[in-house]
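Please find below my note on the model you sent.

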Amino acid sequence: MSRQATLEKHPKKRAVLEKDKLSKRDSIIQAAAFLLQKKEWAELSMDEVARRSKIAKGTLYLYFPTKEDLCLRVHNEDYGAWFKDLEDFLKSNEAIELSAFSQWFVDSIEKHSRFIKLLPIVPTILEKNSSIETIRDFKSNLKTQIEKIIPILNDRLHFNSFDRTFLFLMQCHAIAVGSWSHGFPSANVRKAFEENGLSLFLIDYKIFVRSSIEALVIGNLERPKI
């Protein structure tokens with residue numbers, strides 16, 4: 001009797017095997033997340049993930065065909081955690097001061113450091129080398145999170161429009177990503193700036209992001225309702 005036929009004949013055994021598969025998959029994601037907390041994406045190797053997961057490298061590739069695919073799964077989990085923190089913050093404050101929101105935003109980036117480290121390379125690297133299934137799951141989860149948070153943001157920030165609040169979230173995303181390299185340049189870039197009087201190109205990341213988000217909110221409040 002074939003293995004497939006055996007599984008169909010014994011559904012309980014099939015369920016146990018599926019549970020084991022999901023458990024191993026989760027342990028791989030957790031191992032990658034642990035390593036990414038300590039190093040940059042480019043420094044991560046699948047060999048390290050396999051060793052920490054205590055599985056063969058070949059087995060690892062059966063679950064995740066590329067390093068990018070695995071890292072996008074990690075990022076998917078991190079995105080969910082970030083949105084959960086945003087929801088908790090909004091729900092715990094019926095009236096939110098603009099400065100309090102912008103401060104929460106920059107503090108959340110510091111708290112979710114792995115999340116912000118991967119954020120800039122999601123469209124340029126991770127999504128380009130991930131499976132269609134992983135990309136679909138990532139985008140579907142992101143859509144669910146956005147649809148859940150927008151009504152709460154509308155209520156707290158008084159934008160009164162799904163489209164406007166969605167655009168605001170996208171703009172916050174662009175600010176956080178676009179200014180990251182200017183706020184945290186490499187050691188060589190920072191040294192070059194200091195030695196040649198080019199320090200004007202260095203920015204205080206938190207101050208820049210805070211002021212940019214506050215300007216966005218004020219701009220949205222001053223615009224006519226859509």
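Predicted model: local features only at pLDDT ≥ 70, side-chain atom pairs only at ≥ 80, totals over all residues.

1. The largest nonpolar core holds 57 residues. V49, L90, F101, F105, I149 and F168 are the residues with the most contacts inside this core. Helix α5, residues 67-91, supplies ten residues, the largest share of the core.

2. F101 deserves a look on its own. Once neighbours within four places in sequence are set aside, F101 is in contact with L86, F89, L90, I96, L153, F168 and I213. Two of the residues in that list, L90 and F168, are also named among those with the most contacts inside the core.

3. Helix α5 is 25 residues long and spans 36 Å from its first C-alpha to its last. That span is close to the 36 Å expected at 1.5 Å a residue. The helix is mostly covered, with 20 of its 25 residues buried.

4. The model has 15 salt bridges by the rule used here. One of them joins D78 and R114, whose side chains meet at 2.8 Å, N to O. D78 belongs to helix α5 and R114 to helix α7 (residues 113-118), so this pair ties together parts that are 36 residues apart in sequence. Both D78 and R114 are buried.

5. Because E87 lies in helix α5 and K148 in helix α9 (residues 132-157), the pair ties together parts that are 61 residues apart in sequence. How exposed are the two partners, E87 and K148? E87 has 9% relative accessibility and counts as buried, because the cut-off for buried is under 20%. K148 is partly exposed, with a relative accessible area of 47%. E87 and K148 also belong to one network with K91, joined by salt bridges that share partners.

6. D26 and R25 form a salt bridge as well, with their closest N and O atoms 3.9 Å apart. The cut-off for a salt bridge is 4 Å, so this pair is counted. D26 is partly exposed, with a relative accessible area of 37%. R25 is partly exposed too, at 22%.

7. S179 sits in the loop between α10 (162-178) and α11 (180-183). Is this serine buried or exposed? S179 counts as buried, at 3% relative accessibility. The side chain of S179 comes to 2.5 Å from the backbone oxygen of I175. Leaving out residues up to four places away in sequence, S179 touches A174, I203, Y205, F208 and V209.

8. G197 is also a loop position, between α12 (187-195) and α13 (205-222). With 60% relative accessibility, G197 counts as exposed. The C-alpha atom of G197 is separated by 41 Å from that of E48, a residue 149 places away along the chain.

9. To sum up helix α5: this helix gives the largest share of the core, and 20 of its 25 residues are buried. Helix α5 also contains D78, which pairs with R114 in helix α7, and E87, which pairs with K148 in helix α9.

Notes
Residues numbered from 1 in each chain as written. Heavy atoms only, no water. Core = buried A, V, L, I, M, F, W, Y, C linked by side-chain atoms within 4.5 Å. Buried < 20%, exposed > 50% of the residue type's maximum accessible area, 1.4 Å probe, protein only. Helix = DSSP H or I, 4+ residues; strand = E, 2+ residues; numbered from the N terminus. Contact = heavy atoms within 4.5 Å. Expected span 1.5 Å × (residues − 1). Polar contact = N/O pair within 3.5 Å; in protein donor to acceptor, adjacent residues only side chain to side chain.
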